[in-house]
Amino acid sequence: LLLLVLLSLFPCSGDELIVEIPIEEKLPQVFINTNGAEIVDEPKINAEMTITVNDEIDYTGAIGIEIRGSSSQMFPKKQFGFETRDAANEDMDVSLLGFPEEEDWILYAPYSDKSLMRNILMYDLSREIGRYASRAKFVDVTINESYNGVYLLFEKLKRDNNRIDINKLKDDENDGENLTGGYILKIDKAGGSDETLYTSTNSITSLYAPNNSSSGQEIHFLYDSPDEEDITTQQRTYISNYLASFEDALASSDFTDSDIGYNSYIDTQSFIDFFLLNELSNNVDGYRLSTWLVKDKNEKLKMGPIWDFNLAFGNANYCGGENTNVWAYKFNDRCPNDFWLIPFWWEKLMEDPAFVMQLKDRWFELRSGQLSNNAIQDKIDFYETILQSSLSIDRNFNRWPILSTYIWPNNFIGNTYEEELRYLREFIETRTTWLDINIADL
């Protein structure tokens, strides 16, 4: 279908040029009206939101919205967290863009990732290999009648039957099997005004220093669900002891023993899939930030869901993030002075021949299907078609003219969007070739 572009261009707020395109080619449109109020980083402010698909209303109603993110807050194109609300301004579960009903959502703003697609690519691949990741769709966002660029509507990661599907642990479940789950933990920045401030209230501190740590760095597991305010003393004790027992078993000389080794504590296959997704993308933040862990009732500890790949696929010019021929899990070897290091887990797991054999089998199984070069490149083709036919690439980079400009921490700076996409494609091809050889040689 040929794209018909009407040449009636006219300026609007934000100095954007509006180009009328066929309805069916448009991205979903997100319109936010704050009634003049500024969106800030906490608390959420009251606003109204309308989402249209093919110019038909998909959702309209009240929201609470705030700026979110950590290092991304340095960028002028902000990302937002929002919750859908009813007429009384109470949280309300709704379906957006066909996603399962919930109340908590994210508008992610790709900025330093000039391909606009690193996160959606990884999340879609994760779900295709059977590991839940946030559902995502491209949207155009307009705030107070000013176009703000291409965004991705994400599901916020949280405990929910259609998201992280684990038992809801209540505050009166403090003994027996009820105490065994579900828990959601994160290895991440501490949040708040001091991202290095970990306390016994907000996190569990590992008794094992990360490998190659040079400045007394520690590993911390932040409470997410139940959070630091809701978790009971008994629940803190249980999950702390569980993690300690796992780490003790992994660190011991008997760590490969089927009865007393690490396998008694973790879902090994989830660790393998998490490993392969982070290595595929050479995620410089992998294993050490935005790293989620889940412990459901009567089940073992699982890795995932995956999160935050905007610096992956060669989009970081530090600590080996720009390279196609390094192991992401060996970050500590390259950057031992970084405050956030990787737990000793992965180096130790790679010493277990059984773990390595399962990892190799899984990699080559996936390479023949969901993670084949053709499958990955087809996804990139699909995203590119959506963005090109909607003219959203041109609109985005007219609003944010950053092509040919260094944006932290770019390793590659393309003069055009096509060059940015070519870099992503070539990085993937070179990376998978290296992984095929080096995983086979493990």
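Helices (H or I, at least four residues) and strands (E, at least two) are DSSP runs, numbered from the N terminus. The structure described here is a predicted model, in which local features need pLDDT of at least 70 and side-chain atom pairs count only at pLDDT 80 or more, while totals for chains, interfaces and linings use all residues. Residues are numbered from 1 along each chain as its sequence is written, and side-chain values use heavy atoms, with hydrogens and water left out.

Glutamine 377 is found in helix H7. With buried taken as under 20% relative accessible area, exposed as over 50% and partly exposed as in between (1.4 Å probe, protein chains only), glutamine 377 counts as buried at 10% relative accessibility. Its side chain is joined to that of glutamate 429 by a polar contact of 3.1 Å. A polar contact is a pair of N or O atoms within 3.5 Å; within protein, one must be able to donate a hydrogen and the other to accept it, and residues adjacent in sequence count only if both atoms are side-chain atoms. Not counting residues up to four places away in sequence, glutamine 377 touches Arg425, Ile428 and Glu429. Lysine 379 is also found in helix H7 and counts as buried, at 15% relative accessibility. Leaving aside neighbours within four places in sequence, lysine 379 is in contact with Leu121, Asp124, Leu125 and Glu128.

Helix H6 (residues 353–367) has 15 residues. From first C-alpha to last, H6 reaches 21 Å, close to the 21 Å expected at 1.5 Å a residue; the expected span is 1.5 Å times one less than the number of residues. At the start of H6, a side-chain oxygen of aspartate 352 comes to within 3.1 Å of the backbone nitrogen of alanine 354. The buried residues of H6 are Phe355, Val356, Leu359, Lys360, Arg362, Trp363, Leu366 and Arg367. These residues pack against helices H3 (268–280), H5 (345–349), H7 (373–389) and H9 (417–440).

A closed barrel of 7 strands, with mixed pairing, runs E3-E4-E5-E6-E7-E9-E8. Neighbouring strands of this sheet are turned by 40° against each other on average, direction ignored. Axes are lines fitted to C-alpha atoms, for helices over the stretch in contact, and angles run from 0 to 180 degrees between N-to-C directions. Two strands pair if DSSP finds at least two bridges between them. Strand E4 (residues 45–53) and E5 pair in the antiparallel sense over 9 bridges, and the bridge partner of threonine 50 is threonine 60 in E5. The hairpin of E4 and E5 has 2 residues between the strands, and asparagine 54 in this hairpin takes a positive phi near 55°. Strands E5 (residues 56–68) and E6 (residues 79–85) are likewise antiparallel, paired over 7 bridges. Isoleucine 63 stands opposite threonine 84 in E6, and isoleucine 65 opposite phenylalanine 82 in E6. Helix H8 (residues 392–399) lies across strands E3 (29–33), E8 (136–143) and E9 (146–155), running at about 115° to E9.

A further 5 strands form an open sheet with antiparallel pairing, in the order E11-E12-E10-E13-E14. Its edge strands are E11 (203–205) and E14 (301–303), each of which pairs on one side only. E11 and strand E12 (residues 220–225) pair over 3 bridges in the antiparallel sense, and isoleucine 204 stands opposite phenylalanine 221 in E12. H3 packs on the sheet, touching strand E13 (291–295) and E14, and its direction makes about 15° with that of E14.

The structure holds 34 aromatic pairs. Rings of Phe, Tyr and Trp (its six-membered ring) pair if their centres lie within 6.5 Å; planes under 30 degrees apart count as stacked, over 60 as edge-to-face and the rest as tilted. The rings of tyrosine 318 and tryptophan 408 are stacked, because their planes lie at 15°, with centres 6.1 Å apart. This pair links distant parts of the chain, 90 residues apart: tyrosine 318 is in the loop between E14 and helix H4 (331–334), tryptophan 408 in the loop between H8 and H9. Tryptophan 408 is partly exposed, with a relative accessible area of 32%. Tryptophan 327 and tryptophan 434 form an edge-to-face pair, 5.1 Å centre to centre with 65° between the planes. Here 107 residues separate tryptophan 327, in the loop between E14 and H4, from tryptophan 434, in helix H9. Both are buried, tryptophan 327 with a relative accessible area of 11% and tryptophan 434 with 18%. One aromatic cluster includes Trp327 and Trp434, together with Phe221, Phe246, Phe271, Phe274, Phe275, Tyr287, Tyr329, Trp345 and Trp346.

Methods
Contact = heavy atoms within 4.5 Å.
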